[in-house]
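Please read the points below alongside the coordinates.

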Amino acid sequence: MMLALILEIIALVLGIAIIVRVWRASALDGVLCFFLPFWTIVALIKYWREPEHDIKYLMLGQILLMAAAGGILVHADRQQQARELLAQQQAGEDDAEDAPGAGRASPAQQSRGARTAAKAPVRSTEPDTPARAPTPEELAPPNLRQALHNATFLRGAMERSLMGFQLQIPDHFHALSASDARRIEASLRQPPDAHLVGWIAHESVALDAPDAWHVTARWHNDGWVGGGGDPLDPWPLLQAAQHAGGTRLAGSGGDLIGYTVAPSSFDGVIDWVEERLPAQASASVLDCHALRLGRRGVLEFTVSGQPIGSQQLCNATVKLLARQAKLDPGAEYSSAPPDGLKAPYTLRELVAGAP
Amino acid sequence: MLSAFVLSAALWAAADADEAARIEQLIHHPAAAPVVAPTKPANARAAAKTAADPAAALIGQRVRVRTVDRGAYAGTLESVDANTLVLRIDLSKQALSYSLPRHAVAEVNAESAP
């Protein structure tokens, strides 16, 4: 930052030198250069061939200095954003530890905003002071509108350095951290999800609308996942999935009717679309999945409960997110299992569900 | 080496940009988005009308149905006509009669067939 300031000062001095040089040729041009910045272009062309008054080298120097200062400022800004994201991530992990399932969370902690959490990632080591018991109203999860109001929508990249990857949020999409997404899921009376990384939604989608949709990003930190024979042959997969007792992936539950898009693998991304009949539902829905395998686990992107006919949109969205996710160096998938990091299931079992 | 890297990076970026543009189109103009559905030539359609439907021979058998959008469904073939193909799919608590539009069906095979 200090270097950027020094460069800006030198650029300012060069700007003064430009005005002085032009002033010596013509007082009017000097005054115009002072008040109209673009007039320096006119002066540059006008005095190009006059060795005593030309300003090309001064202008070139000024532009280079300004560009260098701008670059330094942008770099500093990105570092600041990364620090803020890391603080939010730490706050999210704190919230994960304090999730209702762990039985240690207070309603005040659960309902606080992500921004507040990011500013206070360090907890006091002082013993707790006695406090009154929370009322049933305070224990109740926030409603959806409150949870959305308190949420911080993120753009650009979601760094998850502890998990070893970075999610790139496409243009016109924004993301919610795990802690914000968990609060929204609590407001919808959904059980806490230990694998949740965040939600990604299109900016045009109101998340409290009846037809709202979003991508759920999850991380299965179970280790390296092997294929298990021909892992993506759709027929054995379909048969296994229809008799599976449960699945590790997010989705609508119920029974699998078939694959609207059968599982396939391309560029390290496995994607498919399931048509499911949820329990007690009269109409079937679509669940779109994309997986990105890593050395230490699997990144999952799921859009669930979509109407029939929407497979193109949800399939394209989960595939794009999975393809754009960046695994850290050393965290990329390897064809052979690394020592001691093998998941207790195969890719086939992950796609089809456990028997 | 460097040029190959730059070219592959550019292709990746272009593919992602295409995908992002397609998503925007599907969100804002879903009806205008291209639907991938191969059409049969006119003589093939005429021939299909006159010839016996090969899927009709599989009624009552376990079949595997491939759709034009890479879909995969399996079940017992209940009925077939010019517009729909009905499968009985056994779910955990019920048997479902599931209709597939014929124009979306790419192929129907008996389950024992390769």
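1. Helices (H or I, at least four residues) and strands (E, at least two) are DSSP runs, numbered from the N terminus. On this basis chain A has 12 helices and 11 strands. The model is predicted: local features need pLDDT of at least 70, side-chain atom pairs count only at pLDDT 80 or more, and totals for chains, interfaces and linings use all residues. Residues are numbered from 1 along each chain as its sequence is written.

2. Of the 355 residues in chain A, 45% are buried, meaning under 20% relative accessible area with a 1.4 Å probe and protein chains only; exposed is over 50%, and partly exposed lies in between.

3. Helix α1 (residues 2–25) and α2 of chain A pack at about 155 degrees, their axes 5 Å apart; axes are lines fitted to C-alpha atoms, for helices over the stretch in contact, and angles run from 0 to 180 degrees between N-to-C directions. The pair is therefore roughly antiparallel, a label for angles over 145 degrees. Contact (heavy atoms within 4.5 Å) involves, among others, A:Trp23 of α1(A) and A:Val31 and A:Phe34 of α2(A).

4. A:Trp23, A:Val31 and A:Phe34 also belong to a nonpolar surface patch of about 870 Å², together with A:Phe35, A:Leu36, A:Phe38, A:Ile41 and A:Ile45. The largest share, 3 residues, comes from α2(A). A:Leu36 lies in the loop between α2 and α3 of chain A, and is partly exposed because its relative accessibility is 31%.

Terms used: Chains lettered and ligands numbered in written order. Heavy atoms only, no water. Patch = residues over 30% accessible without salt bridge, like charges linked within 9 Å, V, L, I, M, F, W, Y side chains within 5 Å. Areas by Shrake-Rupley, 256 points an atom, 1.4 Å probe, with all protein chains shown as cover. Salt bridge = Lys/Arg side-chain N within 4 Å of Asp/Glu carboxyl O. Parallel < 35°, antiparallel > 145°, perpendicular 65-115°, else oblique.
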